[in-house]
Amino acid sequence: MSDEHPAATDVNLNDPDLYRNRELSELAFQRRVLHEALDDRNPLLERVKFLSIFTSNMDEFFMKRVGGLKQQIAAEVTDRTPDGRTPEEQIDDIVATARPLFDRQTRCYHEDILPALAEAGIDIVDYETLTAAEQSTLRDYFERSVLPTLTPLTFDPAHPFPFISNLSLSLAVLTRSTPDADVTFSRVKIPGNRPRLVAVDDDHTFVPLEQVVAANLDLLFPDVEVLDYSTFRVTRNAEVRRNEEVAEDLVDAIEDVLRERRFATVVRLELEAGTPGRVRDLLQEHLDVSEAETFVREAPLDFRDLMQLTELDRPDLKLEPWTPQPHPRLLESRLDAEDRSIFDVVQDEDVLVHHPYHAFSKTVHRFIDEAAHDPDVLAIKAAIYRTSRDSNIIESLIDAARNGKQVAVMVELKARFDEENNLHWVERLEEEGIHVAYGTPGYKTHTKTTLVVREEGDDVELYSHVGTGNYHSETAKTYVDLGLLTADRDLGQDLVKLFNFFTGHSRHDEYRKLLIAPGNMRDQFTELVRNEAEVARDGGDARIVAKMNRLEDPAMVRELYEASQAGVDIDLVVRDICRLVPGIEGVSENVAVYSIVDRFLEHARIWYFENDDPGFYTGSADWMTRNLDNRVEGVAPVENERLQNELWTILEANLSDNRKRWRLRSDGRYEQLRPDDGEPVVSVQELLMERARAAARDAEGLDWAGRTD
């Protein structure tokens with residue numbers, strides 16, 4: 001423990017030293033992602049996958065976070081963050097932290113991954129090492145399949161400096177027409193619709209596409225001398241905003257955002273090592289990029305396309321494939337045998353679904369699809385933040401409308417990087433006469449909820465789904481998420497209020513059971529934490545266990561500090577950003593913070609408060625200021641004892657992991673936990689996969705009178 005901090009009674013809980021920087025905490029998470037590529041305990045193609053993921057994550061970080069900070073600097077914002085940094089200081093720290101990460105990624109690729117791939121019979125080679133026959137074959141491929149897609153853009157007195165699109169990989173080509181002529185710069189975009197790794201005669205030897213293009217530039221620039229070529233890449237700001245107050249203008253505003261994002265300011269320039277100084281100066285000048293925003297790296301610059309290798313038929317180099325299992329209570333064979341609907345099952349008892357351990361298609365999608373085709377269902381209301389391009393959920397909602405049901409859908413047009421996809425679905429839904437709400441002025445709607453209204457006898461029943469993940473069939477295979485299916489009347493009435501808020505002119509702060517933001521969520525969570533602190537001060541046992549993606553809100557961090565000072569035992573499983581500093585004497589010595597990075601993205605949120613009834617909660621919100629104050633979020637209490645036991649099992653499994661779990665130290669560094677000598681390896685995701693398999697086997701092995709086969 002550090003002795004720099006005074007006794008609890010003298011501690012200033014607003015001290016910037018007690019709060020980690022949001023951006024640097026995010027980069028610490030990306031370091032853990034990169035570690036999955038470095039860790040030779042992982043199968044080789046799993047390591048390759050994480051090299052690709054790291055690039056995608058860092059691209060998004062620069063587009064969103066660095067882009068936002070640059071906007072603050074341009075607006076002369078000098079406000080300090082809770083950790084005491086100005087926007088300029090944050091960018092300086094980001095650059096200083098990110099450079100070594102990029103260097104480590106490059107070294108990992110060249111020193112670890114490439115040799116390991118070669119040893120496994122998969123070669124990524126340089127074009128110049130190919131035989132004359134192989135080069136001839138690739139030249140034919142280039143001329144036939146690549147050259148027609150290329151458009152060289154030259155910068156000279158007759159041509160303006162070319163537009164460089166976001167995240168595109170480009171060749172900077174220097175040419176001259178005669179030995180005494182001026183040198184000319186041209187940009188050649190490497191086409192994203194051609195395989196980045198070009199197969200050489202077989203499926204196990206590849207050459208990067210940019211090298212194939214570079215080796216055949218004479219076909220693109222005939223009758224001129226090619227003096228030099230090098231790769232470069234730009235990242236543009238994604239933080240483009242519009243006035244959202246007028247709902248009918250929102251679609252036009254989002255379309256403007258999509259257009260402007262293409263032309264937004266550059267926040268990062270990546271250059272291949274050895275790029276000529278004149279190219280570097282030219283790009284920096286015309287892209288308005290500083291030296292600090294320029295990252296020089298050994299090629300390749302873009303690792304995203306390494307994901308192509310994970311499609312190879314090499315099971316020996318991959319993790320055992322996972323097939324999501326049927327939920328034991330929602331087995332089709334069981335329901336068919338008993339002639340029961342999913343609503344009968346939920347009416348009997350709440351159902352907790354856990355993706356990707358449970359199949360999305362046989363749980364959440366089935367819930368909505370069965371509602372769409374059930375003659376007794378009167379209405380379906382759904383809030384959609386993100387969904388897949390070929391969404392079965394949307395198709396089921398369209399079927400519902402065609403079947404005469406009242407359908408209302410809240411589609412969040414401002415879901416970043418999914419705006420275009422969501423606009424597509426808005427058009428489809430409106431073509432079917434479905435009422436679509438585009439979002440809530442001033443707020444981004446992030447809740448993942450569905451309400452089904454069903455006529456049963458002389459009454460109308462309400463069936464609800466409250467989830468932590470999007471209605472997205474593809475991410476449900478790779479994101480760990482939870483969903484509660486319930487026929488609880490009070491919770492259903494709360495969703496009625498919430499959907500009226502989406503489509504009408506009403507806002508509620510009082511709800512029977514749900515925690516809703518904006519509304520009662522912040523106050524309810526604060527009260528739950530304070531209640532544990534009060535019990536501890538009175539000498540009772542008190543504990544908080546919380547699992548979330550991000551803990552960023554300074555006010556919630558302060559509440560946790562005060563609870564720790566009161567003696568509450570606090571375990572936090574926080575995937576990435578965490579402002580709280582654990583292990584500080586007199587402040588947070590009762591707090592432990594962990595993070596899990598594994599094959600599936602941890603995305604579920606669970607809260608447990610030992611002295612609360614019901615004590616367990618799950619839903620869409622993280623403890624971030626934006627989630628608690630500036631987004632529409634929904635969190636549900638879990639009152640069923642059996643489901644509470646399920647949630648506790650999940651939390652315990654997270655806290656027992658000694659394979660993929662990291663512990664946050666008081667100095668801000670993370671250390672990965674490893675089993676002691678002779679101790680069994682425990683991986684939470686492996687454990688939960690096996691539990692799901694066993695539960696499905698057990699359920700399949702029963703007839704529906706309860707006897708085994």
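Modeller: Leaving aside its neighbours within four places in sequence, Leu551 is in contact (heavy atoms within 4.5 Å) with Met556, Val557, Leu560, Leu572, Val574, Ile577, Cys578, Arg579, Leu580 and Trp623. This is a predicted model, in which local features need pLDDT of at least 70 and side-chain atom pairs count only at pLDDT 80 or more, whereas totals for chains, interfaces and linings use all residues. Residues are numbered from 1 along each chain as its sequence is written, and side-chain values use heavy atoms, with hydrogens and water left out.

Leu551 belongs, together with Phe525, Leu572, Leu580 and Trp623, to the residues with the most contacts inside the largest nonpolar core, which has 45 residues. Such a core is a set of buried Ala, Val, Leu, Ile, Met, Phe, Trp, Tyr and Cys residues joined through side-chain atoms within 4.5 Å, where buried means under 20% relative accessible area, exposed over 50% and partly exposed in between, with a 1.4 Å probe and protein chains only. Among the elements that give two or more residues to this core are helix 15 (521-537), helix 16 (554-566), strand 19 (543-548) and strand 20 (569-574); helices (H or I, at least four residues) and strands (E, at least two) are DSSP runs numbered from the N terminus. A second, separate core of 44 residues includes Leu514, Val545, Val573 and Met689.

The structure holds 21 aromatic pairs, meaning rings of Phe, Tyr and Trp (its six-membered ring) with centres within 6.5 Å, called stacked when the planes are under 30 degrees apart, edge-to-face when over 60, and tilted for the rest. Phe155 and Phe161 form an edge-to-face pair, at 5.5 Å centre to centre and with 80 degrees between the planes; Phe155 is partly exposed, with a relative accessible area of 24%, while Phe161 counts as buried at 18%. The rings of Phe161 and Phe185 have their centres 6.0 Å apart and their planes at 10 degrees, so this pair is stacked. Because Phe161 lies in the loop between strand 2 (153-155) and strand 3 (169-176) and Phe185 in strand 4 (residues 184-189), the pair ties together parts that are 24 residues apart in sequence. Phe185 is buried, with a relative accessible area of 4%. Phe54, Phe61, Phe62, Phe102 and Phe295, in turn, form one aromatic cluster.
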